[in-house]
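This report goes through selected computed features of the structure shown below. Please keep the coordinates open while reading.

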Amino acid sequence: MATEPIVAPDHAIQRAFQPGAALANGASDPDDLGPVPIADPLTATVAPASIGDAGLPAETLRQMYQALVRARSLDQRIWQMNRIGQAPFVVSGQGHEAAQIGAAFALDRERDVLVPYYRDLALCLAWGLTPADMMLSVLARAADPTSGGRQMPGHYGSSRLRIISGSSVVATQLPIATGVAYAAKLRGTGQVTIVTFGEGASSEGDFHEACNFAGIHRLPMIFFCENNQYAISVPQSLQLAIDHVADRAAGYGFPGVVVDGDDLLAVYHAVAAAVAQARKGDGPTLLEAKVYRYTPHSSDDDDRAYRDQDEVKARRARDPVRLFETRLRDLGLLDDEAIAAIQRDINREIDDATEAAEAAPLPDPATYDRHVYAGG
Amino acid sequence: MVQAPERTASAPATTDPDGRDETSMTFVDAIQGTLRDVMRADDRVVILGEDVGRRGGVFRVTADFLEEFGDDRVIDTPLAESGIIGSAIGMALNGLLPIAEIQFLDFIAPAMDQIMNEAARLRYRSNNDFHCPIVIRAPFGGGVHGALYHSQSIEAMFVHTPGLKVVVPATPADARGLLLAALRDEDPVLYLEHKKMYRSIRGPVPAGDEIVPLGVARLVREGTDATIITYGLMVHEATLAATAVSEETGASIEIIDLRSLKPLDERAILDSARKTGKVLVVTEANRPCSVASEVAALVGEEAFAYLDAPVMRVAAPDVPAMPFSPPLEQAFMVGAGQIGTALRRLVAF
């Protein structure tokens, strides 16, 4: 993927930026601030009509589908590797894929900045990390481009791709993202920053500190909450006293939007609108995608202790990958043969990635103390 | 690609365009002049923190900066320490050179995640793909009737954090040189300013952009009979004590100002310990697991055969720093008297 350096040593500082003008803009009309309620995800129907609104070329829709299947298949393979003892620890994003792919396609992945969290396999794949990269990380190989085998899998990062490296601490990425967005605004790079997190993270102080700062300075960014209803075991009802994380946006002076995270195109449209708003200088959006996590929190968790498995089954029946597949079939963009071909290519890519990672060397123990500081 | 800029911020040749005495200035003026110079020299430098703009900082370190540099580079942040450090990290990752001010070191706790888990680990955890060139300035230390929450010396917590650097200037010249070095460093640096020194310590400050390298201690005075190793305000207290004890006993006392707590100048510490054979380590901070403990352990491990006496520490007691009422504060605070008492014992050992 082509990348453009965003650091220009001799850049001129842009002075168009006026803090304090927060509510002077039409986009923050109080009428625009409220969340958009959605139907109960279990009963909501997906209106095929929204395809017509997509304004997306058939080829883009097929790429979205390919990205969905690629993420799901890779995620499943990684989970299986854990279950048969080949990968000591993994974390899965199964169930979140449509939300993540919809978001990824709405941004400029050759310019914008992604500040992800650990459940963003699909988003980071769509942003340019490859199955081979992911497998090197899962197997903690020296060539793992995200951390050289230093971090647990799921801690994505790449300076080349503008994916900011993250920690395991919940919500610390949010203030960092505001700084990235502040620099983009000050330097006039035109970049939009998207930062992702779960609904549990919205209880952390860093969520508040980041949203507040972003609102004050009308930063070009998107707070993308992937609300899967559980923070490990704690249900949403014990995490927030309101129905939607997005409702909190009103307290920060920017719009909050709720979207059905199983509906890829609905997410795409919502994120595209937020990107357009940010790009033209009208500030951030708190976007909440209602999703469901199919797996336990991580490979070390057992969700039977806290989730009714009938609920899991019901949500799996509304699989966002299948929903999108059905839409494209209905539109005549996919048929059995095309689907089989896509799956076959992806399986081969994942097989190759797995074999390459298995054959790749582990880190040299002598390198454990490198890179604590520059030059070391 | 996303990456932090190269540290090239440099200061122009003159440090004091306002016509003050260039050869001697207060500690606070040395810091202010250096900050102003780097803000003028490099548009990527931004200052953020509570009250740094309109108020010019509660200690007036950034007085008039807002007017000169504008509110996009001198950012009065919300009252949110984690947000200050977190956004400074993000700014550094996208091409700026942020200097974050935490108003008092006592209030840095909400930012510990951002400092310890984010800034300090970014380079290591990304296998050198990212780095985090931020400077965090924070006033610290006691003796100013700041009571329990405007007096603390908690530098040891940061010295215990790999990936960070920690510096504590004791003179106006080092305030400038260390700040310039911190600004050019590619890794996060915590720059601690003893608030009692802001206006009580004066000294010569060289113009220009000569740095004081991080990790290099300063020989304050040369001696042969005993060594005091210390930093910050205690350098001045130790000097008073050493002068008094020398006059009384004729002992020749060496004093080393660490300047950098991380990295430590182990060679300077060990060379002096081996030379004098008697070491007193002084810190204003609570004694357990303090910087003094680390220096004492280092000397014990690496210079044991050269020692003529046990390594001694003078430090604050294991009591929260520090009470408000003057007699209580004085009882808590390490000073020249207490250092002198220990030094006499050490010299006589």
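Does Cys289(B) count as buried or exposed, and at what relative accessibility? Cys289(B) counts as exposed because its relative accessibility is 69%. The model is predicted, and the values that follow are computed from it.

## Backbone features of chain B

Cys289(B) is found in the loop that runs between β13 (279-286) and α10 (291-302) of chain B. Its phi is near 55 degrees, a positive value in a residue other than glycine. Asn128(B), also not a glycine, has a positive phi of about 80 degrees. Asn128(B) lies in the loop between α5 (122-125) and β5 (135-140) of chain B, and it counts as partly exposed because its relative accessibility is 35%.

Two cis peptide bonds can be described as well. One runs from Lys262(B) to Pro263(B), with omega near 0 degrees; Pro263(B) lies in the loop between β12 (260-262) and α9 (266-276) of chain B. The other runs from Ala321(B) to Met322(B), with omega near -15 degrees. Met322(B) is found in the loop between β14 (312-316) and α11 (326-332) of chain B.

## Chain B overall

The secondary structure of chain B comes to 12 helices and 14 strands. Of the 349 residues in chain B, 64% are buried. Among contacts in chain B between residues at least 6 apart in sequence, 82% join residues at least 24 apart.

## Helices α4 and α9 of chain A

In chain A, the axes of helix α4 (residues 97-106) and helix α9 (residues 264-279) come within 8 Å and cross at roughly 40 degrees. The crossing of α4(A) and α9(A) is right-handed. On the α4(A) side the contact involves Ala98(A), Ala99(A), Ile101(A), Gly102(A), Ala103(A), Phe105(A) and Ala106(A). These meet Leu264(A), Val267(A), Tyr268(A), Val271(A), Ala272(A) and Val275(A) in α9(A). By class, the residues of this contact divide into 12 nonpolar, 1 polar and no charged.

Why is α4(A) largely enclosed by the rest of the structure? The reason is that 10 of the 10 residues of α4(A) are buried, a label that requires under 20% relative accessible area. Among them are Glu97(A), Gln100(A) and Ala104(A).

## Interface of chain B and chain A

At the interface, 48 residues of chain B are in contact with 54 residues of chain A. Together the two chains bury about 4000 Å², with 59% of this area on carbon and sulfur atoms.

Methods
Residues numbered from 1 in each chain as written. Chains lettered and ligands numbered in written order. Predicted model: local features only at pLDDT ≥ 70, side-chain atom pairs only at ≥ 80, totals over all residues. Heavy atoms only, no water. Axes fitted to C-alpha atoms, helices over the stretch in contact; angles between N-to-C directions. Helix = DSSP H or I, 4+ residues; strand = E, 2+ residues; numbered from the N terminus. Left-handed = near helix turned anticlockwise from the far one by under 90°. Contact = heavy atoms within 4.5 Å. Nonpolar A, V, L, I, M, F, W, Y, C, P; charged D, E, K, R; others polar. Buried < 20%, exposed > 50% of the residue type's maximum accessible area, 1.4 Å probe, protein only. Buried area = accessible area lost by both parts, 1.4 Å probe.
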